[in-house]
Structures are given as structure tokens and as C-alpha cells.
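Reader: Please show me the model. I would like to ask how its labels were assigned.

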Amino acid sequence: MSSDYHKDLARWMPLLVKVWRSRGAKNQKRPRYEEDEDDGTLTPHEQKQVAQGVRTLSLGLTRDRQLAGAKYMDDPALLGAYLLFYWPVSYAQARQALGELPRPREVLDLGSGPGPMSFAALDAGAAAVTSADRSKAALDLAKALATEATEPIATREWSPERPLPDGQFDLVLMGHVINELFHDGKEVTPAVLDKRAALLEGVLAKVKPRGSLLILEPALRDTSRALLQLRDRMVTRGYAVRAPCLFRGNCPALVKESDWCHAERDWRMPPTVEAIARLAGIHKESLKMSYLALAPKGEAWAEPPEGRLFRIVSEPLEGKGRLRFMGCGPEGRVGLAMQEKHQTEANKVFFKLPRGAVVKLDLTEPRGDGLALDDRSTVQVIAWPGQPLPPKS
Ligand SMILES: C[S@@+](CC[C@H](N)C(=O)[O-])C[C@H]1O[C@@H](n2cnc3c(N)ncnc32)[C@H](O)[C@@H]1O
């Protein structure tokens, strides 16, 4: 489901540019010319204008974090920069993560901004989406996009102090919003985590049986670790994780301060996004994100297929003549290593594993703090990144 989203994203780019131009006309420093086609590309002047806003957003959201929790969506220049740069990134991240979950019908997108996750859900087969945010300007933009694309979305002003929209949903999305909630500009304290966990309990009460709450967060160390701490709180309260975790205990990536867990996926950046990234000095060659899908109260963890399973949770760690990954599976977080000389037909896929793949290993040896594979070992990929885990047969 996730592999074909590039074509869908390519269709969105001209609509994003068109809506941005129609909204921003009064802020532009030069008149529109006939040759400014709404074909998804920007003029060099427009690229510079957007890149400036992207630099401000990047600094404020991912580096000094001064904008986290601030009303940046109500600044037209920053909202425009979000629309043309972060919207396509969030859309692609959502399509990747949605590939691991069943197709939803009714969707609620909390902290939707101008709706990248909402439209990703619609393109992944959802029938109806409610986009909710505290920024009226961002919701107006989502509406304008829906009109351009003739897609059905409803919008609702929402913030955590206000009641959640009516109804029950197959999927609730929270894209890059949790790290902005109850934020006091300092460290994420246990009190902040408690408030976030209480909010999630309320949100999960809106999820239909067999549905999910899907959370995406930036892949930064601090925001990812805060998400893992929130995961542990929700697991302690009895909620099952649908993805990405196979381990049911406390997250082992939290043991060492320097560790965290995030996803990283290949993608083809739309040329307009690439041009803005270059000007803003931002690297987005791969999609990085942290994500967590939770089941509603009372639902058990899915039984994984038989065998010794691990999700690959690191990049390849190359040593002399040997390759190592960190894997995380029902038995915890474990180093997995194999020397190149042990490569066979039955295990060669090990040398090409992407982060996020789930593998089944056979005939391994305990070695140090992990497992060693050799020429008797077999390696089978049972889910590629962005694919659901097959059920236990
Ligand atoms: C980084 S943007 C994410 C937008 C979109 N979900 C995405 O994934 O690209 C965070 C959004 O959260 C919203 N937000 C932040 N604090 C909020 C609050 N207290 N109540 C409601 N929305 C909030 C902002 O208005 C913004 O639209």
C-alpha cells in the first residue's frame, strides 16, 4: 500500500503550489507572471521566499525548539513554508506508516495542521476524515486543498482542553503534535508525560474495536525518547502496541541515555521539495520519523508468526569483514552479527536489510551481548518496512 504513494504525492504538488499562490498573493513581493504555471514548480524568487520560512521552522521545531507549542501556523509565511515543504514530508511519512495498518474508513486527524496526514489517509483508502487543529488558518488551508482535490474532509477547531469531535473512528492520527502539547519549553517531565498519557487514554476511547491510534513524531533524540516513555506508560496502563514494537516489556532503547528508536525510509523527494531543501540547507534524502500505533483498551497484542523474530532498528554497523545490526523482537533488543565469509543463499538477505524490516532467524549462536549468524543460519524477511506483519498461521 505504501509503495505507490510517490505518484499520489506528485499529483498533490501542483495543488499545494496553487493553493499557496492563491493565499499568498498579497504577501508576494513581485507580481505573478503568465509563465508562473501551477505545475508544482516554484520560480527561483518563490523558492527563496519559502526556503527562508523553512529555515525558521526547522530551527524552531527541530533545533532550539522555540517554536514547539507556539502558534507558528497563524503566521502566513510560516504556514506557507509548512505547506510547500513539511506537508509533502508528513504525507510521505504517513503513507509509509499507514502501510502497516488495516485500511481505515472513518479517520480523525488531531493536530492536523493543513492536513497532510488527513489526505494521506484518504489516499490510502479512507472514506471520511475529520481534520482538527487549534489553528483556523491551517484548517482553512486544508479545506482549500480539499476543494481543489475534490476530497471529502470536515474540519473542527480543537485543542486538548476542548472535547474531542463526536463519533468513533477506525483510525486516529496524531502527526508531529504530541511533542508540542503541554510543552513548557524545558525537558519533558514526568508530569508532562502523565498529561500526554491521559490525553491518549481519552483519544483511544474514540477508537473503534480493531482500530488504531497512530502517532508520528520527529526522529530527534529527545522527541523520540519522550515518545518511547509515553509508550511505556500506555503499555503499563494495559494498551497493546500494534506497530512497530514486538517486545511487550518496557522499551529497551530507553536503558542507555544515548539510545533512541526511529524509522528511516527511502523516498523520492518531489523536485520542488528538493529545491527548497537545498536552499534551506536541510537534508531530507531519507524519511526519518518515530512512530507508534496503539490498540484501543482491552485488545490484546497480536500474536506474531512462529520463529525467532527481530525488527531491524539500526542502520548497518559495518566492521572488519562483518556486518552488525541492532534487532528488537519478542525477546528484547539484541545485536545481530554475521561475517561476510558466512554468506550463503539462505542468509544473504542479511547483508541488504533496511531499517524497519522484520526478519526470522534460525540457527544462531549467542555471542557477547547478541547473536552471531554463520553459514548454517537462515534469514527470512517476513515484513519489509511499511508492510504489516503477517498473522500467526
Ligand atoms: C508540526 S505541526 C503537524 C501538522 C501535521 N499533523 C503534520 O504531521 O504535518 C503541529 C500541529 O499541531 C498543532 N498544535 C500545536 N499545539 C496544539 C494545541 N495545543 N492544540 C491543538 N493543536 C495544536 C499546530 O497548530 C500544528 O498544526
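Reader: What is the phi of Arg65, which follows H2?

Author: Phi of Arg65 is positive, near 65°. The model is predicted, so local features need pLDDT of at least 70, side-chain atom pairs count only at pLDDT 80 or more, and totals for chains, interfaces and linings use all residues. Residues are numbered from 1 along each chain as its sequence is written, and side-chain values use heavy atoms, with hydrogens and water left out.

Reader: What makes residues 44–63 a helix, H2?

Author: Helices are DSSP runs of H or I with at least four residues, strands are runs of E with at least two, and both are numbered from the N terminus. H2 has 20 residues. Its span from first C-alpha to last is 27 Å, close to the 28 Å expected; the expected value is 1.5 Å times one less than the number of residues.

Reader: Which residues of H2 are called buried, and what do they pack against?

Author: Buried means under 20% relative accessible area, exposed over 50%, and partly exposed in between, with a 1.4 Å probe and protein chains only. In H2 the buried residues include Glu46, Val50, Val54 and Leu61. The buried residues of H2 pack against H1 (5–24), H3 (76–98) and H8 (271–280), where contact means heavy atoms within 4.5 Å.

Reader: Why is Thr150 called exposed?

Author: Thr150 has 71% relative accessibility, and the cut-off is over 50%, so Thr150 counts as exposed. Thr150 lies in the loop between H5 (136–149) and S3 (153–157), and its phi is positive, near 45°.

Reader: How do you know that the peptide bond from Ala243 to Pro244 is cis?

Author: Its omega is near 0°. Pro244 is in the loop between S6 (241–243) and S7 (263–266).
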